[in-house]
Amino acid sequence: MLTRLKGGRLYDPAHQVDGATGDIWIENGRIVAKPANGAKPDVDHDITGMVVMAGGIDIHSHIGGGKVNLARALMLEDHETYKHAPQDGLRAGSGVATPSTFSTGYRYAQMGYTAAFEPAVVISNARHAHLEMSDIPMIDKGGYLMLGNDDILLQMLASKREQSAVNDYVALMVQATGCIGVKIVNPGGISAFKFNQRNLGLDEDTAFYHLNPHRIVQSLAQAVHDIGLVHPLHIHCNNLGVPGNFQTTLDTVRAVEGLPIHLTHVQFHSYGAEGDRHFSSAAAHIAEMVNATPNVNVDEGQSMFGQTVTASGDTMTQFRNAGFGDPKKSICMDIECDGGCGLVPFNYKDKNFVNALQWTIGLELFLLVNDPWRIFLTTDHPNGAPFTTYPHLIRLLMDKTFRNEKLAGINKHAAAASTLGSIDREYSLYEIAILTRAGPSRILGLKDRGHLGEGAAADIAVYAPHANAETMFDTPKLVFKDGELVVRDGQIVKTVWGATHVAQCDFGHSIEKEVEKWFATWKGTRFSNFVLSKDELEADGRSRWVGHNLARRS
Amino acid sequence: MGVMSPDAKTDRVCPYCPLHCDDLIVSAQGEILSGGCEIACGHSSQIPLLQPTIAGQAVTRQQAEGEAARLLGQAHAPLISGLACDVDGLRAAVAVADQCRGFFDHGASDGFFNGLRVLQRRGALLTSPAEVRNRADVLVVFANQPWSRLPRFFDRYVPSGAQLFNDAPANRKIVLIGGSHAPDPLDGADVQVIPADLSKAAELALVLGALVAGRTPAVASSAGIAIDTLKEIAQALKAASYGVVAWENGDFGPHGDLAVEALYDLILTLNQTTRAAGLPLPPGGHVSGAHQVGLWQAGTPLRTCFTAEGPVYDSQLYSRAKLLADGRADLVLWISAMPGAVLPKIDDLPVILLSSTAPPDGPPPRVYIPVATPSLDHDSVFFRGEGVVSLHASRWRSPAPYLSVAETLAQISNQLPKGEQHPC
């Protein structure tokens with residue numbers, strides 16, 4: 001079937017198209033050239049004057065896995081308050097901070113998003129993460145494997161195994177867990193917490209292994225680079241949330257000695273310790289570093305005001321922060337010599353000095369980082385806020401007047417301490433398209449997503465222009481997923497199932513024997529029963545495993 | 001036990017208890033050759049000859065499925081329960097509950113909710129099997145006698161070999177509170193068995209928690225344990241590098257959540273100075289899987305009602321026992337493809353039974369449809385009882401002449417009235 005989207009204003013930064021009027025032709029799920037034979041479209045959508053972008057891609061959103069499910073169980077009120085019945089072929093669901101899988105897919109699609117990536121897949125919980133993602137309709141998915149606190153790797157590093165062995169191990173685990181990237185969370189700190197270490201700086205030694213995070217990050221960044229993953233090591237730095245932690249962030253960048261890295265939810269890692277309250281913004285320092293360091297990408301982790309839950313693999317930090325829980329309850333778990341997880345409900349309040357300053361720090365970062373290709377729009381869902389706040393966040397970035405109105409309403413000491421009010425920058429639609437589509441697809445290596453060129457998957461969002469960007473981005477006029485019209489006027493009109501993006505890694509097979517033995521000896525279980533395969537993932541008829549071949553660099 | 005043959009299959013996952021041991025070796029016919037405990041080896045490898053029935057009369061599978069769909073289509077408040085099946089079966093079961101606006105609860109979830117209610121109200125500080133195996137230097141278990149339902153627990157959680165972080169696990173101290181005797185594999189280990197009345201576990205946990213916190217309650221004993229003995233246990237936990245407090249949720253009686261909450265407080269106190277974590281013993285019948293799947297699909301745990309406004313959860317009101325006692329359900333769909341969720345006696349409601357074994361004695365269910373046993377008859381996924389690890393179980397033997405739970409529910413779902421069908 002041939003479909004035409006006629007007369008839209010196209011925002012396609014991957015091809016430097018900035019609002020030019022044009023048609024988009026779709027056939028067999030792909031964007032195609034205008035038929036040379038003059039063929040008429042079977043379906044014609046007149047979208048004259050409307051804004052057209054590729055479908056949104058969320059590079060960092062906790063959408064599925066054991067940690068998310070624990071958070072759902074914990075967030076009773078979220079699910080009592082927000083629920084929807086099955087109707088018009090849609091499944092029932094509940095929750096906003098921790099939505100059910102079906103709700104997650106529906107809401108992303110209703111905002112014009114067509115892909116989201118789960119950033120904290122634990123080795124032993126990888127199948128669970130995929131099972132949940134398989135039950136998220138409407139969008140493409142993928143996961144980043146959490147390494148760097150797993151005892152196999154720490155043991156390898158402590159015994160000074162050669163980098164090639166580390167590379168093989170990382171490649172094997174990425175392949176076995178069906179992931180597309182690698183994330184490190186509080187390098188060494190989750191393991192150290194199991195040995196009763198309560199804080200860990202970048203150059204402190206961990207308990208038992210006597211490794212410092214510097215070494216762990218460096219080796220893992222090298223491995224990710226060497227095995228050819230497109231997405232650089234996704235780093236959740238040490239000392240999340242600790243006043244003065246911007247120095248740890250800067251030191252982490254220095255530790256990798258020029259290797260490409262991605263610093264995640266950087267808002268939570270851009271804190272100074274100045275002022276009467278010993279909590280201040282260091283956004284300018286971090287932005288300056290990003291602007292001067294081309295090997296560094298960041299995603300934002302913007303916090304917004306309201307109820308949410310923090311869900312993290314960082315048990316050391318979450319245990320420390322449990323007292324801030326609102327409601328006052330928390331879960332921490334040590335997981336299978338692989339990692340951990342911690343859940344603490346949070347209610348960010350605009351009149352609270354720290355919460356308000358976190359909000360300004362995030363926005364300062366957005367506005368002070370010059371290159372929109374190297375910063376990505378996230379709230380670290382649900383840690384900073386639910387992903388459903390993205391339209392509001394986009395308006396804050398695009399509308400200085402609105403931003404300053406909001407600034408005037410927050411804690412006055414935080415407002416006074418922030419430089420936010422003095423920043424004039426307003427993001428353009430073109431830049432928003434970079435932050436939310438073109439940039440994420442490029443940094444993840446999704447060659448056929450995030451753009452509107454010929455051959456791209458027809459994941460497309462069409463928005464009616466509106467002076468209020470929140471209104472515009474909240475309810476797209478039309479959304480297409482792989483060429484099918486799935487959302488009209490913000491309502492789901494068809495349920496579809498997206499693909500799962502997976503890196504196809506090479507590794508020396510001796511590592512497989514080593515890991516098999518390790519699992520049998522120390523976990524008392526069989527590695528073969530953990531390994532995920534394309535056949536297994538696709539057996540339910542919903543999922544589609546899309547492999548991305550890697551070119552090994554070393 | 002049979003003789004190892006060249007076509008033996010290794011690394012098979014056992015469906016019979018929540019440990020889901022995955023090192024079994026089975027023959028091509030599904031006979032366990034190695035790794036099976038007494039529970040696993042107690043199950044016949046023969047494929048049972050079962051016949052679908054309506055009101056006890058033999059029918060074709062299609063007729064039984066059609067009747068099940070008709071009943072579900074007519075029901076106003078069906079209870080979808082049992083739920084002892086693999087993950088795909090559970091996904092299909094939630095979908096049916098959603099379609100039919102039914103209640104959703106596992107057939108053996110009472111003990112599980114003692115722990116879940118505390119987790120939801122206060123939180124939890126938990127550990128998992130591999131951490132216990134390699135890290136625990138003190139393990140205190142509050143349980144009467146769970147070892148008969150978890151035969152390889154000690155082999156899996158605290159084996160006698162070296163630990164990853166401790167070359168001398170013989171120093172590991174194991175205290176079994178409530179148990180009348182230690183299981184065999186523990187002979188030779190440092191095991192202390194302390195009889196106790198676990199119906200008083202809440203008081204016991206409060207007293208032990210006070211001792212851990214440095215207070216001495218003015219009692220001579222608690223739950224039958226002398227205060228001096230409890231002081232020793234408290235001291236051992238405080239001195240441990242990684243103490244693990246384990247418990248059997250179902251042994252604490254109807255107000256067991258009070259005991260679990262007191263144990264949680266005790267664990268929090270320990271973590272002020274050292275590391276410690278909780279370990280609910282794994283519940284049977286794949287409760288952990290049913291909990292996980294229901295939670296991610298609906299956003300709410302077991303004991304959810306799929307109302308006209310969406311999923312509504314109530315851990316008391318929507319338990320299957322309460323629903324049946326209150327007469328709130330008008331039909332029961334009971335799923336029992338693996339052990340752990342026996343169909344209760346239900347006299348006054350039509351029952352659709354999907355089971356891998358014959359219906360229980362007594363009046364026949366309105367509809368009975370035999371189903372395959374997951375793992376044995378088809379590839380499956382199970383959550384191990386701790387709820388963290390899910391394993392892919394390759395089938396043991398040639399496919400049985402029965403559909404899986406997921407396939408059966410799909411057949412029924414497709415015959416539901418149009419308004420109740422889903423595209424997914």
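1. Contact here means heavy atoms within 4.5 Å. Leaving aside neighbours within four places in sequence, A:F473 is in contact with A:M53, A:M111, A:P391, A:I394, A:M398, A:L429, A:I432 and A:Y463.

2. A note on the model. This is a predicted model, in which local features need pLDDT of at least 70 and side-chain atom pairs count only at pLDDT 80 or more, while totals for chains, interfaces and linings use all residues. Residues are numbered from 1 along each chain as its sequence is written, chains are lettered from A and ligands numbered from 1 in the order in which they are written, and side-chain values use heavy atoms, with hydrogens and water left out.

3. A:F473 also belongs to the largest nonpolar core, which has 237 residues. A nonpolar core is a set of buried Ala, Val, Leu, Ile, Met, Phe, Trp, Tyr and Cys residues joined through side-chain atoms within 4.5 Å; buried means under 20% relative accessible area (1.4 Å probe, protein chains only). The members that touch the most others are A:Y169, A:V170, A:F366, A:F473, B:L72 and B:L409. Another core, of 70 residues, lies apart from it and includes B:V207, B:A234, B:A246 and B:I267.

4. Next, the cavities. On a 1 Å grid over the protein atoms alone, a cavity is a set of points where a 1.4 Å probe fits but cannot get out, and lining residues have an atom within 4 Å of a point. Seven cavities of 30 Å³ or more are found in the whole structure.

5. Helix 4 (residues 110-121) of chain B gives the most to the lining of the largest cavity, with five residues. Helices are DSSP runs (H or I, at least four residues), numbered from the N terminus.

6. Then the pockets. A pocket is an open set of points with protein on both sides within 12 Å along at least five of seven lines. Of its 44 lining residues, A:A539, A:D540, B:D88, B:R91 and B:A406 are the closest to its centre. Helix 3 of chain B gives the most to this lining, with seven residues.

7. The second largest pocket has a volume of about 620 Å³. Among the 31 residues that line it, A:G241, A:N321, A:F324, A:F346 and A:Q358 are the closest to its centre. Helix 11 of chain A gives the most to this lining, with four residues.

Conventions: Buried < 20%, exposed > 50% of the residue type's maximum accessible area, 1.4 Å probe, protein only. Points joined across faces, edges and corners; volume = space filled by probe spheres on them. Helix = DSSP H or I, 4+ residues; strand = E, 2+ residues; numbered from the N terminus.
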